[in-house]
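Dear colleague,

Please find below the structure that I am handing over to you.

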Amino acid sequence: IDLDGAFYRGILHIHRREWNCAAEAIDDARRAMDSRFTTLLSESYKRAYPSMVTAQTLAEMEEIITYRKLEERSCCRLGGFQHAANRADAGEARKRLLDVWRKRLAGCRLDVEVHSSILAVRSLVLGPADAVDDVLTLSALARHTQCYKLAERVLCDPLTELNADLEGPLFGKGLPAGLGFGDNERNGIGIDISIDQLVTGAASVVMPQYRDAHEQLSKQIVRDADGLEMLNVKHRLYYAFLKHLWATGKCDEALLRLSRLNNVVDLIAHFENSPNDSLRAACWLKLGDWKIERNPFLSGQN
């Protein structure tokens, strides 16, 4: 029995919702890897680890089948005649499954191939906004190991699925003129503010002066993003994408895009109850780090 053939047959049958055939393919894959796994485990844990990951993904494929069956029962018309205590709750089952998966992945080795293979199987259930932390971890691992194409793909794919326009107002591009957000306009800390003003001046010197037009823009951005929580998801993915741009040598583009993103993040934080103030702080800290790195005088390299 061929392990890869049985594994991918199982994936295909799950896509087709052929549960019995999928279960048989998973059993075939287990039998195919049994002898090899036993041999590798007797040699060393390190050599057997990839096979252990494969065994885990096979178990998660069975969990996916169980969840999909429950999902089908919860949508069945007969469910309306069942007592509430016996009715399948797909939403609660999905929440429990995601929580188990999250904890399980946290115990896995920080390795690009491990995280990539696990998340690929989980994508049979997960949507683009379901496992943002895991996607960001995979992107960082890929970036640090210079697997730049993978790092970009795992970030751009969910942004595309979420209909996020990388050149749109959601990320600070094309905002209305006259609000202080233009590339040539003074926004927040402008170049005409002296160091003395930064140190001794009032907060109003360095903080943007928002008006009613800014509040209307903030509400429009939240609506276009399908809510504040989804906006935060898109901003986190985009921020990681900017770090990818910087790592691949597109420093000027990353710096400009991050400056624009900071405008939007500040705007939303001012008018909405932002669920993640840490992103705002991270954006400004990263902008400062990048500006120092790009300026030899500030970094002390002159």
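**Conventions**

This is a predicted model, in which local features need pLDDT of at least 70 and side-chain atom pairs count only at pLDDT 80 or more, while totals for chains, interfaces and linings use all residues. Residues are numbered from 1 along each chain as its sequence is written, and side-chain values use heavy atoms, with hydrogens and water left out.

**Overall fold**

The protein chain contains 14 helices and zero strands. Helices (H or I, at least four residues) and strands (E, at least two) are taken as DSSP runs and numbered from the N terminus. Of its 302 residues, 40% count as buried. Here, buried means under 20% relative accessible area, exposed means over 50%, and partly exposed is in between (1.4 Å probe, protein chains only).

The chain exposes about 17,300 Å², of which carbon and sulfur atoms supply 52%. Accessible areas come from the Shrake-Rupley method with a 1.4 Å probe, and for residues only the protein chains shown count as cover. Among contacts with a separation of 6 or more, 65% are between residues 24 or more positions apart; a contact means heavy atoms within 4.5 Å.

**The second largest pocket**

The second largest pocket holds about 470 Å³ of space. Of its 20 lining residues, Phe 7, Pro 50, Thr 54, Thr 57 and Ser 117 are the closest to the centre. Two or more lining residues are given by each of α1 (3-15), α2 (19-43), α3 (45-75) and α5 (112-122). Helix α3 has the largest share, with six residues.

The pocket search runs on a 1 Å grid over the protein atoms alone: a cavity is a set of points where a 1.4 Å probe fits but cannot get out, a pocket is an open set with protein on both sides within 12 Å along at least five of seven lines, and lining residues have an atom within 4 Å of a point. Grid points are joined across faces, edges and corners, and a volume is the space filled by probe spheres set on the points.

The lining divides into eleven nonpolar, four polar and five charged residues. For this division, Ala, Val, Leu, Ile, Met, Phe, Trp, Tyr, Cys and Pro count as nonpolar, Asp, Glu, Lys and Arg as charged, and the others, Gly among them, as polar.

Thr 57 belongs to helix α3 and is buried, at 3% relative accessible area. Its side chain reaches the backbone oxygen of Thr 54 at 2.6 Å. This is a polar contact, that is, a pair of N or O atoms within 3.5 Å; within protein, one must be able to donate a hydrogen and the other to accept it, and residues adjacent in sequence count only if both atoms are side-chain atoms. Beyond its neighbours within four places in sequence, Thr 57 is in contact with Phe 7, Ser 117, Ile 118 and Val 121.

**Two histidines**

His 235 sits in helix α11 (residues 228-247) and is buried, with a relative accessible area of 4%. The side chain of His 235 reaches the backbone oxygen of Leu 170 at 2.9 Å. Leaving aside neighbours within four places in sequence, His 235 is in contact with Leu 170, Phe 171, Leu 261, Val 264, Val 265 and Leu 279.

His 144, by contrast, is exposed at 64% relative accessibility and is placed in helix α6 (residues 132-144). From His 144 to Val 112 the C-alpha distance is 9.6 Å, across 32 residues of sequence.

**Loop residues**

Two residues other than glycine have a positive phi: Asn 163, near 55°, and Asp 226, at about 65°. Asn 163 lies in the loop between α7 (148-161) and α8 (195-200) and is exposed, with a relative accessible area of 69%. Asp 226 lies in the loop between α10 (212-224) and α11 and is exposed at 61%. The C-alpha atoms of Asp 226 and Leu 162 are 9.6 Å apart, although the two residues are 64 apart in sequence.

Leu 179 is also in the loop between α7 and α8, but is buried, with a relative accessible area of 13%. Leu 179 and Tyr 210 are 31 residues apart in sequence and 8.4 Å apart from C-alpha to C-alpha.

With kind regards
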